[in-house]
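Please read the following report alongside the sequence and the model.

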Amino acid sequence: MEHRIVGPGPYRATRLWNETVELFRAKMPLRKHRCRFKSYEHCFTAAEAVDWLHELLRCSQNFGPEVTRKQTVQLLKKFLKNHVIEDIKGKWGEEDFEDNRHLYRFPPSSPLKPYPKKPPNQKDVIKFPEWNDLPPGTSQENIPVRPVVMNSEMWYKRHSIAIGEVPACRLVHRRQLTEANVEEIWKSMTLSYLQKILGLDSLEEVLDVKLVNSKFIIHNVYSVSKQGVVILDDKSKELPHWVLSAMKCLANWPNCSDLKQPMYLGFEKDVFKTIADYYGHLKEPLLTFHLFDAFVSVLGLLQKEKVAVEAFQICCLLLPPENRRKLQLLMRMMARICLNKEMPPLCDGFGTRTLMVQTFSRCILCSKDEVDLDELLAARLVTFLMDNYQEILKVPLALQTSIEERVAHLRRVQFQKSYPEVYQERFPTPESAALLFPEKPKPKPQLLMWALKKPFQPFQRTRSFRM
């Protein structure tokens, strides 16, 4: 059983689905089975399919050993619903798949997930403000001018322009670097940085660039607390107080300072269930449907951990601030619970780490499309997030510095074009510096008396020094 590594790029989730389907059809052992006094050739039981596919997924570097048997059953349910498999009577779609002895077989052909039509392959170009562009609604024709008294000199000037001896004068507008320009620079450079890390010619097939909000990026960079957690301007989008109190309770267990009611046996399980219910009923996953393909594409870089962390940092900057804050608080709680040796078991059937991944993976990453491996990919991503959340949810300093330097450079260019004389005084070039600050004559070093004496002679012992 070989499952090749599917690297980053467009439609990675679709490629993983199709490759898993093809491997399952090609390698799944088929044999003769009996059911109700009748023999069926080339089929398999549900339990055999779960065993084989579970082992395939656990050995694959695309999914990892954290894949559970329950997740494998969920994937086989999708296979049955989408006619990748059918029962021995040819039924599929509405039937429910369970881990039992029920017999299944492959149809003559299993449908693969189609790839969307690719747009023309164009490289994304970073668009910066052009200083020669006219402001909106302005043209050379509607520029207001003052009436001029016609005399012989003015007549000569106009006549010279008309016959082509003197070029016509054009009004040059001095553009200001507006807030919209700065936002566009943040958006363009952030997306360009992500595109470079993923090694793609374009991001069009990974995310819809038009839906990326530059205000979200800037807010996630600058509106943060000392702990690096996003601070929301709109408090109505904040976590409910009771959810935040429950998360603090488990994160600081057993020191729950906010708790007023008495604790009882199994209290921590009820608190955990309260948190899980809230996150489980979110209308959209924290990483949003729009950014699903972007995060799945970054999962193809997990073999290069540092590169993957850097790519996840940028993807998380694209999130709405309220989503980024909820994700930061959730990952901090999950990590603290897993490291807390005093925390009682929250579930009898799973370890604490596995329980965290299985409970919250779907509310963090999920796809709109049912023909997808989103459960497995979400578990893979959340596992990596738990191990590296402190680095991933930081602001990438190199990107921030690069953008700030770019904005500062453009503002200097704007100032230079608007006020060249003042600019030369404030930021003199080597040529103008010589005129503004003429070199002072260097003072000659003073002639010291000891310099006239003989060079230093090595110490010689005389008779007056005795042992």
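## The sheet

Four strands make up an open sheet in the order β1-β2-β4-β3, and their pairing is antiparallel. At the edges lie β1 and β3 (86-87), each of which pairs on one side only. Strands here are DSSP runs (E, at least two residues) and helices are likewise DSSP runs (H or I, at least four), numbered from the N terminus, while two strands pair if DSSP finds at least two bridges between them.

This is a predicted model, in which local features need pLDDT of at least 70 and side-chain atom pairs count only at pLDDT 80 or more, whereas totals for chains, interfaces and linings use all residues. Residues are numbered from 1 along each chain as its sequence is written, and side-chain values use heavy atoms, with hydrogens and water left out.

## Strand partners

## Cysteines and His 281

The structure holds zero disulfides, a disulfide being a pair of cysteine sulfur atoms within 2.5 Å. For Cys 366, the closest cysteine sulfur is that of Cys 363, at 9.8 Å, which is too far for a bond. Cys 366 is buried at 11% relative accessibility, whereas Cys 338 is partly exposed at 28%; buried means under 20% relative accessible area, exposed over 50%, and partly exposed in between (1.4 Å probe, protein chains only).

His 281 sits in the loop between α8 (267-280) and α9 (292-298) and is exposed, with a relative accessible area of 67%. Its C-alpha atom is 8.1 Å from that of Cys 363, although the two residues are 82 apart along the chain.

## Aromatic rings

There are 15 aromatic pairs in the structure, counted where rings of Phe, Tyr and Trp (its six-membered ring) have centres within 6.5 Å, with planes under 30 degrees apart called stacked, over 60 edge-to-face and the rest tilted. One of them, Phe 97 with Tyr 104, is tilted, at 5.0 Å centre to centre and 40° between the planes. Phe 97 is buried at 1%, and Tyr 104 is buried at 3%.
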